Amino acid sequence: MKPFEPLIDSEPARCDRTLSRRGFLTGSLMLGAGAALAGCQSAELVGLPDQAELPGEEFDYASAYAALPDGDFTWPAINYKKFDEKYLRQVVEHTTREKPGTVIVDPYHNFLYWTLGNKKALRYGIGVGRAGFAWSGEALIRVKRPHPIWRPPREMIARKPSLERYWEKGYPAGLKNPLGARAMDLWQGATDTLYRIHGTNQPSSIGKSVSSGCIRMWQQDVIDLYSRVPLRTKVVVLTKETNTEA
């Protein structure tokens, strides 16, 4: 049997399915988070080379969350001043046993961390759907999808039969697509967990628990994270017991 090869732009991503039937071994973590660091620094200084500049005290959030042209689409600007500042993209103090370059998801406080080493991480605000609480543990990003299409799961179609028309070919990419600008699919070995880190066309859902989806991010943030994480990046999803306070 050939080993599993990571794919890009293949089977449509599905995110609204209960995942509890697929268990994962929960990792042991020590986590902490603090205020955003003052000053601007390169990721190379905190343990990761070849990374884009990190947010600092003078970071231009107006530009970071402005309308973003992206191929055939332009993602709308985020009215970031209406949100709690803790959900904005920022570097924070963060202690973990995981190696730099690991994604850590805390669904209970609506944060996603991209670990940088030297007790620091790039933190993003997230929105968490029901599927986002369905399992915890470790997986790898094995598929990355720019402009993903979305196929509603059968459970959702049962609740809303009008979605049946999207079952075969999926909901097309674009501004109304539930997966947004990017999707990163998590696998354990050759098994798709059905767990996704993805964009959202509902920016107000960031910082909240929502009815559907996995881990939602603002389009500008998911594009930023997508550009940083390579295939086979380790992802750790915390349990309620191992989550970190904001």
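Contact here denotes heavy atoms within 4.5 Å. The views show a predicted model, in which local features need pLDDT of at least 70, side-chain atom pairs count only at pLDDT 80 or more, and totals for chains, interfaces and linings use all residues. Residues are numbered from 1 along each chain as its sequence is written, and side-chain values use heavy atoms, with hydrogens and water left out.

View 1. R182 counts as buried (under 20% relative accessible area, with exposed over 50% and partly exposed in between; 1.4 Å probe, protein chains only), because its relative accessibility is 9%. Beyond its neighbours within four places in sequence, R182 is in contact with residues including D70, R145, H147, I197 and Y226.

**View 2. The charged end of R182 over the ring of Y226.** The distance to the ring centre is 5.3 Å; the criterion is NZ of Lys or CZ of Arg within 6 Å of the ring centre and within 35 degrees of the ring normal. The charged end of R123 likewise sits over the ring of F111, 4.1 Å from its centre.

**View 3. The aromatic pair of F83 and W218.** Rings of Phe, Tyr and Trp (its six-membered ring) pair if their centres lie within 6.5 Å, with planes under 30 degrees apart counted as stacked, over 60 as edge-to-face and the rest as tilted. F83 and W218 are edge-to-face, at 4.8 Å centre to centre and 80° between the planes. W218 is buried, at 0% relative accessible area.
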